Amino acid sequence: GNLCRKTAGSVDQCRACWYLLHAALEDPETAKTCSVVIIAACDTAKFSEFNSEFDRLAFSSLQGALPVRVAAIYLLYVPSFFKHAWAVLSTLMTAKISSRAKMLSGTPEAVRISLLEVINADMLPQEVGGPIASDVKEWVQQRIAEGN
């Protein structure tokens, strides 16, 4: 359930990021630690979906705006072109945030083992063998039904 970069504009994509962070802060544990870990599966990413306008807007509007510490960013199954895109993306982040980004590749089991070195198994998304469902459409519909 991704927000498609082809059909959604940069402002809408940025709003979705803000919504996700605000929703994360509703969780008492996250709010207490003010720390989030971002895990993004990039195996279906296409170069044509790379949108530097969104990236610039998201990073410039989110950095320093919320009481959230990005503890780590894990980019999984990164396609070969992404190393070039990362050269641009990383310039939009603070050096501290950029240094917390890790690219993991290999077999699903190898990625899972790497993540388990730093994240509890019960906090992993289903895509890497954890219990956390990440169907964004279903999650949004559930939040709307609950009045969030």
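## Val37 and strand S1

Val37 sits in strand S1, which covers residues 35-41; helices (H or I, at least four residues) and strands (E, at least two) are DSSP runs, numbered from the N terminus. This is a predicted model, where local features need pLDDT of at least 70, side-chain atom pairs count only at pLDDT 80 or more, and totals for chains, interfaces and linings use all residues. Residues are numbered from 1 along each chain as its sequence is written, and side-chain values use heavy atoms, with hydrogens and water left out.

Val37 counts as partly exposed because its relative accessibility is 41%. For reference, buried means under 20% relative accessible area, exposed over 50%, and partly exposed in between (1.4 Å probe, protein chains only). Setting aside residues up to four places away in sequence, Val37 touches Ala71, Ala72, Tyr74 and Ile119, where a contact means heavy atoms within 4.5 Å. Val37 and Arg100 are 63 residues apart along the chain, yet their C-alpha atoms are separated by 9.8 Å.

## The overall layout

Zooming out, the protein has seven helices and three strands, and along the sequence they follow the pattern α-α-β-α-β-α-α-β-α-α. Of the contacts with a separation of 6 or more, 73% are between residues 24 or more positions apart.

Buried residues make up 30% of the 148 residues. The accessible surface comes to about 9300 Å², with 58% of that belonging to carbon and sulfur atoms; these areas come from the Shrake-Rupley method with a 1.4 Å probe, and for residues only the protein chains shown count as cover.

## The sheet

The three strands form an open sheet in the order S1-S2-S3, with parallel pairing. S1 and S3 stand at the edges with a single partner strand each, so one side of each is left without a neighbour in the sheet. Neighbouring strands are turned by 15° against each other on average, direction ignored; the axes behind that angle are lines fitted to C-alpha atoms, for helices over the stretch in contact, and angles run from 0 to 180 degrees between N-to-C directions.

Seven bridges join S1 to S2, while S2 and S3 (residues 101-104) pair over four bridges. Two strands count as paired if DSSP finds at least two bridges between them. Leu75 shows up on both sides of this arrangement: in S2 it is the bridge partner of Ala40, and it also stands opposite Met103 in S3.

## Tyr74 in strand S2

S2 is mostly covered, with six of its eight residues buried. Tyr74 belongs to this strand, and it is buried because its relative accessible area is 11%.

Beyond its neighbours within four places in sequence, Tyr74 has quite a list of contacts: Val37, Ile38, Ile39, Ala40, Lys102, Leu104, Leu115, Val118 and Ile119. The C-alpha atoms of Tyr74 and Ala101 are separated by 5.9 Å, although the two residues are 27 apart along the chain.

## Two nonpolar cores

What is a nonpolar core here? It is a set of buried Ala, Val, Leu, Ile, Met, Phe, Trp, Tyr and Cys residues joined through side-chain atoms within 4.5 Å. The largest one has 14 residues, and Val70, Ile73, Leu75, Phe82, Trp86 and Ile97 touch the most other members. Strand S2 (69-76) and helix H4 (82-89) are the elements that give two or more residues to this core, and H4 gives the most, with four.

Looking past its neighbours within four places in sequence, Trp86 is in contact with Leu75, Met93, Ser98, Ala101 and Met103. Apart from this core lies another, of ten residues, including Tyr77, Val111, Leu115 and Ile119. In soluble globular proteins, nonpolar side chains tend to be buried together.

Helix H1 (residues 10-26) has 17 residues, which at 1.5 Å a residue should span 24 Å; its end C-alpha atoms are 25 Å apart, so the two values agree. The expected span is 1.5 Å times one less than the number of residues. Its buried residues are Ser10, Gln13, Cys14, Leu21, Ala23 and Leu25.

Arg143 lies in helix H7 (residues 136-145). Is Arg143 buried or exposed? Arg143 counts as buried because its relative accessibility is 7%. Leaving out residues up to four places away in sequence, Arg143 touches Tyr19, Ala23, Glu26 and Asn148.
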